[in-house]
Amino acid sequence: MATISAPTSLATLTHARASSSRLPSVTLAPVVGSSRLAVAAAHGDGVWTYDLKTLRPTTSFSVPSSTVFASAPASFYVKSGDSIELERERVTAVAVEYGEGVKRGAGGRALWLWRGEEAADKMVIELEAPCHSLQALEGAVPLVAVTSAGLVLFDDELAPRALGYNTPGAVVAARVTADKAGAVRAVLVCQDGNVHVIRVDDDDVRVVGTGSVGRELVRADVSEDGTIVGIDSANRVHTTHTRDLSASASPALALRAAAVAVLALPSPTHPLALIPSSSSLSLVIPTASLPAVLTTTPLASAGTVAHLALVASSPAAGTYTVAAVVALDGRSVVYTADVAVPPAGVGLNLVLASRARSAQLFDLDADVGHPVDADGQGAAEMLAEIGAALSAKDARAAEDRFAAWLKKQDEATQAQAHTKAVLPEPTVRRVVALVFGAAVSTTAKGEGDGDERARVPTGVYADKIVRALVDRRAVSDGMLDGGLVLAGLVPVRDIHNLTRLILSTPTLPSPTLAALLAAFLRAPDPALPQVLDALLGAAPPDPAFRAALRRQLGVDEAARLLEHLAVRLARAAERGDGVDQWAEDGRATVKSSALIQSLITHTSHLLDAHLPSLLTYEPAAALLSRVQAALAPLLAAQLNYRRLRAPVDAALTLAARERRRAAEAQAKRDAAAPQHARGDRKAAKDVPNLAPGDEVVGKWKVEDIVF
């Protein structure tokens, strides 16, 4: 059977500073050549090596607090010494975006390397192009850097050898392996979904395979055996294998909630992946033809799983050790867990028993599943008729024609796969271009504005077409020049579809969200509360949101946004401190708790971006005081929860202990009765053996609450 052990806390690292890096605050990787060591890199903190058996750090290399890494770390062993019996020396490497000694404009090109353990001297190597990832190997090529210009191979002396290969798009995932003959094989997954398989023999670089896995990928991973799992901007999972790249695209699988990380695992049968949710980690078969959640384990910290890494593995035994980084406010908690799968692969018995769990993670009834052929049946005719109707300023006729074509696609697909059709991206792009080409016109802003253009609505807008595409999660912000949000929905004032897009697309770029706020904050706008509510109800923004707010908002706009956040914080605090009194109207729900957390997160991002300017802006003084007053009850609640933790923890521990003792005593008394022995032993086994702080009695569980 497939299992995931209870997560064990490996480390808690504090965020030294706000970072705009594309990477999470902490990333991990295995130490190649050791089965018990893992290496972690934390922005502004350092590079740490941990013993996975003792759960203690063994080595650390400190870095200045302004350091931002450009890649996950890599650690490996090289031969050292001049004697016949060469000793092994460990090397730790990481690419740096910003840091001490990094030249301006050279972000991502600098590699920092440490040879040896404690007190090792730092080496600096500058690459010709920014580094995406570092891959440690065993053999004659211990390190490979994947850059935007190709691959850089390092030997035991850490001498670099650059091999050019220009990928047509930005790389979102890479996996490099080496065979016994010394040849290097690299699998590169690009943001546009294109996959390139490259083989390197000495200086001979050849492309041995190409294909695709979805479109507009925001995260992806490649397992050691070639399984590729990607998540696109519409929160859909795409899966393929390097041996199946020539096959037609497989249907996508919709997730119910946004997943910030994904980890592909080797498997001799069905593809396997680890996908996190808000409070758990699930081992899944991520295919639309056979979706299954094989097993799930809860996470102790209720935060966002920002990073997953495979830190140790034994494929022959079917065991893997994974690390999960849970991002909380101001810190990251690193957990490790052991994943066990049958060495021969996952059988159908496990798949058939997982239907209920699968429905909790995957949206099995979503409007994704089976792709239509090419551009879809009758797509060219439909596009021509929509274009003619919009040219005649008849938006309703265009909507009716599109609805008829869409119904025909669904009927054709449901006859084969019992799911709705997946609309081809080229067709969707042309539909979007037709709709907003007719709905928005561009005019010059006026003299002295250079080439800037103003977008104004024409009054011919087929909003039902856009609504159908948004509901199917078939659109993304990049499908329209200038952005679907800023160049399409905002000029036509389609607030309904705008808010639905924000809530259904967790990967909208941070600059787009910040520019959207700026557009509604420059002047009083009655739609601002709706837009802000959608942003607060959507997925948490990434760290780049701070920098985007700093660039897009002036002090006036920042003060107006702070005013709206202060009003919402005050409403959230009206229910009391959460202990002495509680609302009786049902507002004290999980949803309201999530809203409070989102309010605090967005307020924190705004203050990180604009606090110095707000402190010198007279109208903001009262707003800052209102925010502080609104947070006071929440801080009081946090203090009370911490005070309550000790007695509640002790009571739950005692209750669980007494329950276990009672079950064991009953089993001993009935040991002479064979007909009852099996049931009694099962009752004793059902009592969980939990560590302090994890006690569960009925529906109660002790957890930390952090604001």
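Residues are numbered from 1 along each chain as its sequence is written, and side-chain values use heavy atoms, with hydrogens and water left out. Because the model is predicted, local features need pLDDT of at least 70 and side-chain atom pairs count only at pLDDT 80 or more, whereas totals for chains, interfaces and linings use all residues.

A search of the whole structure finds 19 salt bridges, each defined as a side-chain nitrogen of Lys or Arg within 4 Å of a carboxyl oxygen of Asp or Glu. One of these joins Asp525 to Arg493, with the closest N and O atoms 2.7 Å apart. Asp525 lies in the loop between helix H9 (510–521) and helix H10 (528–537), and Arg493 in the loop between helix H7 (484–489) and helix H8 (495–504), so the pair ties together parts that are 32 residues apart in sequence; helices here are DSSP runs (H or I, at least four residues) numbered from the N terminus. Asp525 is buried at 18% relative accessibility, whereas Arg493, at 40%, is partly exposed (buried means under 20% relative accessible area, exposed over 50%, and partly exposed in between, with a 1.4 Å probe and protein chains only).

A further salt bridge is formed by Asp533 and Arg568, whose closest N and O atoms are 3.1 Å apart. This pair links distant parts of the chain, Asp533 being in helix H10 and Arg568 in helix H12 (residues 555–573), 35 residues apart. Asp533 is partly exposed, with a relative accessible area of 42%, while Arg568 is buried, at 13%.

Salt bridges that share partners also join Asp179, Arg199, Asp201, Asp204 and Arg206 into one network. Within this group, the side chains of Arg199 and Asp201 meet at 3.0 Å, N to O; Arg199 is partly exposed at 25% relative accessible area, and Asp201 is partly exposed at 26%.

Conventions
Helices (H or I, at least four residues) and strands (E, at least two) are DSSP runs, numbered from the N terminus.
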